[in-house]
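Hi,

Here is the structure I promised you.

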Amino acid sequence: VQLQASGGGVVQAGGSLRLSCAASGSINRINFMGWYRQAPGNSRELVAAILRGGTTNYADSVKGRFTISRDNAKNTMYLQMNSLKPEDTAVYLCYANIVQWGSTSENVYWGQGTLVTVSS
C-alpha cells in the first residue's frame with residue numbers, strides 16, 4: 001500500500017491550493033483519512049480528518065478556510081485550502097487507516113508529504 005500526496009506549491013497570502021492524497025495497492029477498505037502538517041521547528045499538527053462516511057474534523061486554525069473531502073471509489077482524499085496565510089506554510093502529510101484484502105486488521109499508512117509555502 002502506498003499513499004501519494006500532491007498539490008503543494010508556492011502561493012501568495014490569500015490564495016488557494018488543493019492537495020490530493022491517493023492510496024494504491026491491495027486495499028479493501030479505508031476508514032480514517034487525514035492531513036497533518038509540520039513547520040520547521042514545530043511539532044506535527046493535525047489539520048483535518050475525515051471518516052469513511054464523511055464526518056469531518058478540523059483544527060481551529062483552519063476552520064472556515066480549509067475543506068477536506070474524499071472519493072471512496074478512487075481511494076483519494078483532498079484538502080481544499082483557501083485564504084491561505086503565511087502561518088500555513090508547512091509540509092503537509094496525509095495518512096490513512098487501511099484494511100488490506102485478506103486481513104481483518106487496520107494499519108496506518110503515511111504519504112511522503114508535500115510542501116506548501118505561503119508568501120506574505
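Arg37 sits in strand 4 (residues 27–38); strands here are DSSP E runs of at least two residues, numbered from the N terminus. Before you go on: this is a predicted model, where local features need pLDDT of at least 70, side-chain atom pairs count only at pLDDT 80 or more, and totals for chains, interfaces and linings use all residues. Numbering starts from 1 along each chain as its sequence is written, and side-chain values use heavy atoms, with hydrogens and water left out.

Arg37 counts as buried because its relative accessibility is 7% (buried is under 20% relative accessible area, with a 1.4 Å probe and protein chains only). Its side chain makes polar contacts with the side chains of Glu45, at 2.8 Å, and Tyr92, at 2.9 Å. A polar contact here is a pair of N or O atoms within 3.5 Å, one able to donate a hydrogen and the other to accept it; residues adjacent in sequence count only if both atoms are side-chain atoms.

Tyr92 also turns up in the largest nonpolar core, which has 32 residues; Tyr92, Trp35, Leu79 and Met81 have the most contacts inside it. Such a core is a set of buried Ala, Val, Leu, Ile, Met, Phe, Trp, Tyr and Cys residues joined through side-chain atoms within 4.5 Å. Strand 9 gives the largest share, 5 residues.

There's also an open sheet of 4 strands, ordered 1-3-8-7 with antiparallel pairing (a pair needs at least two DSSP bridges). Strand 1 and strand 7 are at the edges with a single partner strand each, so one side of each has no neighbour in the sheet.

Cheers

Key:
Buried < 20%, exposed > 50% of the residue type's maximum accessible area, 1.4 Å probe, protein only.
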